[in-house]
Amino acid sequence: MRPHALIPLLLVTLVLSGCGRRNHSNPKPVAYDRLASLVIEVYDPDTNSVWEGVSVRIVEVEHEWSGRVVPNPIEDDWYVTGRDGTIEFTPKLLGMTNVGFFEDPFGRAVMSPDLDQDEAIVLIEVYGEGLGSAFWEIDISWDRPEVYAEIPF
C-alpha cells in the first residue's frame, strides 16, 4: 500500500477515536453575588431579656474592595427595636443607607464573591434613653451575607 493512501484511513481513525469521549473533569462552580442583610438583637446581659424601644443606627461601613470607610450620610438614621428586641436591615434597607455596598439592579445590597471584594465591617451604635450609647463592629462577608448579631447592652 502506498503511504499517501493511508492518509484517509488515518483521518477516519482519528475522527472515530474522538467519538464517545466525554470530559470527566468537574467544571469550576460559578459564584454569584449574595444579598446582604443584618438582623440586630439588643439584649440585657444581666437578665438575658431583650431591649424593646432601643435605638440602633449604622454609623459607617469599612469595605474591603475600596479600602474606604463610608460614613452614613444621615447622622440621625435611627431604627427602634420592636418587642423582640430586633432591628432588621434588609438588603433593600442596607442599599438605601448609602454606606458603600455593591447593589444589584433592584438597589439591594450584595456581597461579591471576588476574594478582594467579599468583606465589610459594619459599625453600629446602640442608644437607650438613660442607658447611653455603645458601638459594635459586625462582619458581613460573601460566606456569611445574612448576619444575626446579638448585642449585649
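A nonpolar core is a set of buried Ala, Val, Leu, Ile, Met, Phe, Trp, Tyr and Cys residues joined through side-chain atoms within 4.5 Å. The model examined here is predicted.

**Exercise 1. Identify which residues of the largest nonpolar core touch the most other members, and which elements supply the core.**

Solution. Step one concerns the members: the largest nonpolar core holds 29 residues, and Ile40, Phe89, Phe101 and Ile124 touch the most other members. Step two turns to the elements that each supply at least two residues of this core: the strands β2 (37-43), β3 (55-63), β6 (86-89), β8 (109-111), β9 (119-128), β10 (132-141) and β11 (146-152), together with the helix α2 (91-96). Among these, β9 gives the most, with four residues. Step three takes one member, isoleucine 40: leaving aside residues up to four places away in sequence, Ile40 touches Val56, Gly85, Thr86, Ile87, Phe89, Ile124, Ile138, Ala149 and Ile151. As background, nonpolar side chains in soluble globular proteins tend to be buried together.

**Exercise 2. Determine whether glutamate 125 is buried or exposed, and find the side chains with which its side chain makes polar contacts.**

Solution. Begin with the location: glutamate 125 lies in strand β9. Next, apply the cut-off, under which buried means under 20% relative accessible area. Glutamate 125 counts as buried because its relative accessibility is 9%. Then consider the polar contacts: the side chain of glutamate 125 is joined to that of arginine 57 by a polar contact of 2.8 Å, and to that of serine 133 by a polar contact of 2.8 Å. Finally, list the surroundings: not counting residues up to four places away in sequence, glutamate 125 touches Ser55, Val56, Arg57, Val59, Trp78, Ser133, Ala134 and Phe135.

**Exercise 3. Describe how β9 and β10 pair and what lies between them.**

Solution. First, the pairing of β9 and β10 is antiparallel and runs over ten bridges. Second, β9 and β10 form a hairpin with three residues between them, and glycine 130 in the turn has a positive phi of about 80°.

**Exercise 4. Give the strand order of the open sheet formed by three strands, and name its edges.**

Solution. The order is β1-β8-β7, with antiparallel pairing. The edge strands are β1 (34-35) and β7 (102-103), each of which pairs on one side only. Between β1 and β8 there are two bridges; arginine 34 has methionine 111 of β8 as its bridge partner.

Terms used
Residues are numbered from 1 along each chain as its sequence is written. This is a predicted model: local features need pLDDT of at least 70, side-chain atom pairs count only at pLDDT 80 or more; totals for chains, interfaces and linings use all residues. Side-chain values use heavy atoms; hydrogens and water are left out. Buried means under 20% relative accessible area, exposed over 50%, partly exposed in between (1.4 Å probe, protein chains only). Contact means heavy atoms within 4.5 Å. Two strands pair if DSSP finds at least two bridges between them. A polar contact is a pair of N or O atoms within 3.5 Å; within protein, one must be able to donate a hydrogen and the other to accept it, and residues adjacent in sequence count only if both atoms are side-chain atoms.
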